[in-house]
Each structure stands twice: as structure tokens, then as C-alpha cells.
Amino acid sequence: MMQWTQTVTAKVLGVGVLALLMTIPLMQVRGLVGERQQLRTDAISQIAQGWGGKQVLGGPVLVVPTLRQVAVEGQAAPRWQAGSESMLADALKLDVAMAVTTRSYGIYTAPVFVATVKLGAQFRAQDIAQYRHASDAPWQGGKAELRLPIGDLRGLQEISDLRVNGQPARFESSADRLGGWPNVVVPIDLDVLGDRPIDVQISLKLAGTEALQMLPLARSTDVTMRAPWSDPSFIGAALPLEHAIDANGFSAHWHLLDLNRSYGQHWTDGDAMAAALQASTFGVQLYQPVDVYQRNVRAGKYGLLFIAMTFVAFFLFEVLKRLRVHPVQYLLVGAALATFYVVLLALSEQIGFGLAYALAAAAVVVPVGGYAMAVLHARRAGLLLGGVLGLIYAMLYGLIAAEQYALLIGALVLLAMVALMMYLTRRIDWYAYVPTSTEPPAAIMEQS
């Protein structure tokens, strides 16, 4: 038994176990990245608290209260039940110009905006007449409202103009919600208006953080948006028909029909509509291309692979050059490699990912290379191992940077590593004892 534990095969198994043990600090680093991500999320929430969060803006919705009779079991007389009917505009047009800046909370930053919005909506007279006469419950037209859903009312900075059929009007606050979003409302008397068309014109300023989305609350919705932000991410249920992006910012144009969404122009009692309305939002997110936490997570996913590659390099030197490396020395090298991810996370929050990666890699390669010189008693071996480690970190950075081709590159690197190991170890007797030598290691290196 003692003889078997001194074989090369036993050494390989021991090195493999040590590499697996290094998953423990790697998992701790992953948890630390998640914790820092949560801190960033909390910081953005703090920014949004005083500025306005991710915004959603819809067109005005005509909501008419109704009363219908409902039969009650065991009672001769029916009771009256309050409800509502909602109707969307025939045409909705929004012109949005966003002014974008960044705000900081501690070391964290987030893009914030003020959107100057010009909104126009038209309700057709024949639609109003159709839904009034088709309703199975009497309309209370004198209590009708035009409701404008806004994702976060804290961001509503200014309403510079509001006109209904050319007449000035004012928004009022409301406890009612549309699709889960709060509303501001304009009372409108349909009994006085009759079945005439309704034209609504609104100019407002809406502040928010990171994202602005629209609701297609019309038979035909037309949205034009522009902002001085060169990294937009178009999100939601619809992509723009046209868009242009350059160093100065972006512009985009959407055009949606009622046929492009999962709900119609009219519905009764809107509570069941929340999910469908939320699924129909579309717009833009002000993407921050240097997401250091996402890149740190991706770097950590390859942590075990690159620790194993470094251990393999040490093992090959040990076997091929007839040297001895103690398991404790493997562990110390592994600890240095795991520390790389902590240093990378700490630096990337301060100076950006690219420079942080270079500094963290250098902070690991230099000590490990120097340690290898001392352990192997050979300067050339230490320099060579340091160079191999530097190449490993260069490959890791390539994997992180190549988002679309990371799997392909990683598979090719792994295949090349296995092929190289097969070639270098093709003459090793795996049943032999771990190489020993009576000569000083430096002399062995000179002879090789």
C-alpha cells in the first residue's frame, strides 16, 4: 500500500483532489460577487427613490363606470354591482426626447433620464357610440375618466400642456390602477360630450432610471424616441421598425397595431387585464456595456478549469524534470490563483474590468512565478511556469470578452490542453514511483 501511494498515478489523483478542494474558495468568491451585485441593485434603488424608477408610459384610456344588476341567491330583489368599461384610442402618437446623465450612490452609478414627451391620442366617435350601445350595463357617462398610466409617479416632473378637444384640462391623482401601474386622471363628461370624438394632447416631462417603456394603448401606436446614449438595448414585446445608433446616441421608431397585442380595444372590469398589459410593453434600456459583475461571474465559471491547468503545468514539471513538489505547495499556488478573483472583483469596481484584470493577473503571475523558482530551485523553470500562467490568464480574458464564441473557444482550448497532456505524458510509466534524485534540483535542470 505504501508503495502504491508513491506512484505517479497516486500523485495525479492527489493533485486532482487538491484541485477539487479549490472549488471551496471559488464558491465563496461567487457568493461575494452575488453580494456585490445586490449592493449595486440596492444602490440603484436608492437613486430611483429620489429620481424615479424604471418608467412605463401609456396613452390615455377612456374608463366609464357602470352599474349592473346581479341576482343574489335567496333574495327576490337583485342588487347593483359597480363595474367599469375601458376603451382605447384609435390612434396614439408619442414623440420622446431623452436627456441622459449618470448618478452615483457610493461607488455605484446608474444612468438616469428626463424624457420630454409629446403625446397625442384620438378616440373615434363611432367607437364610443358602438361600445355605449353594446354594453349590457348602463354607462355612467357623467363620471367617465381619461386615465394615463405611468410606471412611477415620482418621476412625473412637469405637465406643460394638457388639452381635451382643444380645451385646457388638469390631471388629478387617483387610487385606481391600470395593469398594476398608477394613473393620473382627467374627468370627462360623456353625457355632455355625447358620441363626439375625443382628441387629447399632452406635453410632459418624465424622469426615470435605466429604462423607459411604452404601452400600445391604441388601434395604431406610433412612437419615436431619441437619446444621447450610444448603448441602447431595445427590450419588450416589440423591436423598433427603424433605428440608428452612433457615437452621439440613438434614435428609434416603433409602429404597432392592435393586431400585434393579445387584448382588444375594449374590455369590462380591468383587473384581469394586468398580465396582458404588462406583457405588451416595449421600449429601451440604457445599457451599461461595462458590467463588471457579469464579467466577474463569467471569469469565476472558468476558475476550476484554470486552476487545474496550472496544477497540470506544475505536475508536468515535477514528472518530466524529475523534481518534487509537496501537496502543501500545490495548495499555496491554488490559494494564490483563487485570490485572483477577489482582487479582480475589488479592482474592477474602482477602475473598470480591463485594467483591473491586467493588474490582478500580474499580481498573481509574479508571485507564483517567483514561488516556482524557489520551489523548483531553477530560475528557468519559474520563468517558464510564470509565462504559462500568463498565457492561461490571456486565454481566460479571451473567453470573457468573446461572449458569442466563448463556448467554442473554451471547447477548443480544453481539447488542445488534453491533446498536449497526452503528447507530453506519452512515455510516462504511471506505475513507477514518484521521481526522486540524489542530485540537487538545479543540477538536474542544467542537465535537462
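Let me begin with the lining of the largest cavity: α8 (303-320), α9 and α11 (379-401) each supply at least two of its residues. Helices here are DSSP runs of H or I with at least four residues, numbered from the N terminus. This is a predicted model, in which local features need pLDDT of at least 70 and side-chain atom pairs count only at pLDDT 80 or more, whereas totals for chains, interfaces and linings use all residues. Residues are numbered from 1 along each chain as its sequence is written, and side-chain values use heavy atoms, without hydrogens and water.

The greatest contribution to that lining, four residues, comes from α8. The lining consists of G303, F306, I307, T310, L337, Y341, L389, I392 and Y393; a lining residue has an atom within 4 Å of a cavity point, on a 1 Å grid where a 1.4 Å probe fits but cannot get out. Seven of these residues are nonpolar, two are polar and none is charged, with Tyr counted as nonpolar and Gly as polar. The volume of this cavity is about 50 Å³, taken as the space filled by probe spheres set on the grid points, which are joined across faces, edges and corners.

I turn now to the helix pair. Helix α7 (residues 292-301) packs against α9 (residues 327-351) at an angle of about 170°, with axes 10 Å apart; the axes are lines fitted to C-alpha atoms over the stretch in contact, and angles run from 0 to 180 degrees between N-to-C directions. The two helices are therefore roughly antiparallel, the term for angles over 145 degrees.

Key: Parallel < 35°, antiparallel > 145°, perpendicular 65-115°, else oblique. 1 Å grid on protein atoms, 1.4 Å probe; cavity = no way out; pocket = protein on both sides within 12 Å on 5 of 7 lines; lining within 4 Å.
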